[in-house]
Amino acid sequence: MIALISFLLVILVSIIIVRIGAVALEMTGLSRDVAAFQAQSAFSGTGFTTSESEYVVSHPVRRKIIRILIFLGSAGITSAIATLVLTFIGKSGEEAKQTFILLLGGLMALYLFVRSKWIDKMMRKIIRRALNKFFPSLKIYDYNQLLGISRGYSIAQIKVKKNSWLANKTLRELQLDKEGVLVLGIYRKVGEKEVYLGAPSGDTKIVPGDLIVLYGPEDVLLNLSKRVKGIKGRIEHEEAVEKAKLRAMQEEMELEGE
């Protein structure tokens, strides 16, 4: 009976550890589903080969969480197997049958425990509060992931030259949004100072010497950095707008496919 209780306790502790790991990963910016899967995968040592795992191993805080889960998982699974074997050693057929029934009952209780939305909500609240208190550094968001940096999008800084297609035009005139590009900010030299214009409006004029911070598809940003004023620059802009329309249609089709 002691071995059986020990086995069920090992399973219960394992469930709690995975929950803690999942909430910790979620606090670093992963979605709830991805965080839960990665925590379970790391703890069990199986299935940890998905594309989301790239976001984990490239993030120092997440990597530390995963390392702890793998370590605890290897110890927990070994202990569970050992106690499960001890549960049935040296018992008669009738005793083994009773133990098996108790084991099924205990596992069913643990299953209901895991599936309970109320318990899940309470556990998440307690775990999140404890992690916030003892590990405030967990709340570090991976902006590379949030901005889709690894999926063809990027952030770039472009120094505006006199012959640049961008020079001496307002953002409304440039219509960069139609190319799928957002202007996040502008660094401008004003006298001896460098001023930062965050989230500029359509009336903001780009002048030579500005350092503009842009977000958009990598290929578009690269083309934009080389684009010069004149007919050629206008044609490149129109081509980029058409490509942006096609890209938007493709992304919509991918979403509908999912």
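Helix 6 (residues 117-134) runs for 18 residues and reaches 26 Å from its first C-alpha to its last, close to the 26 Å expected at 1.5 Å a residue (the expected span being 1.5 Å times one less than the number of residues). Helices here are DSSP runs of H or I with at least four residues, strands are runs of E with at least two, and both are numbered from the N terminus. This is a predicted model, in which local features need pLDDT of at least 70, side-chain atom pairs count only at pLDDT 80 or more, and totals for chains, interfaces and linings use all residues. Residues are numbered from 1 along each chain as its sequence is written, and side-chain values use heavy atoms, with hydrogens and water left out.

On helix 6, the buried residues are Asp 120, Met 123, Arg 124, Ile 127 and Leu 131. They cover an arc of only 100 degrees around the axis, so they sit on the same side of helix 6 (the arc is taken from the directions from the helix axis to the C-beta atoms). Turned away from that buried side is a face with the exposed residues Trp 118, Lys 121, Ile 126, Arg 129 and Lys 133. Buried means under 20% relative accessible area, exposed over 50%, and partly exposed in between (1.4 Å probe, protein chains only).

Elsewhere, Tyr 196 lies in strand 4 (residues 193-198) and is partly exposed, at a relative accessible area of 42%.

As for the whole protein chain, 10 helices and 6 strands make up its secondary structure, and buried residues account for 36% of its 258 residues.
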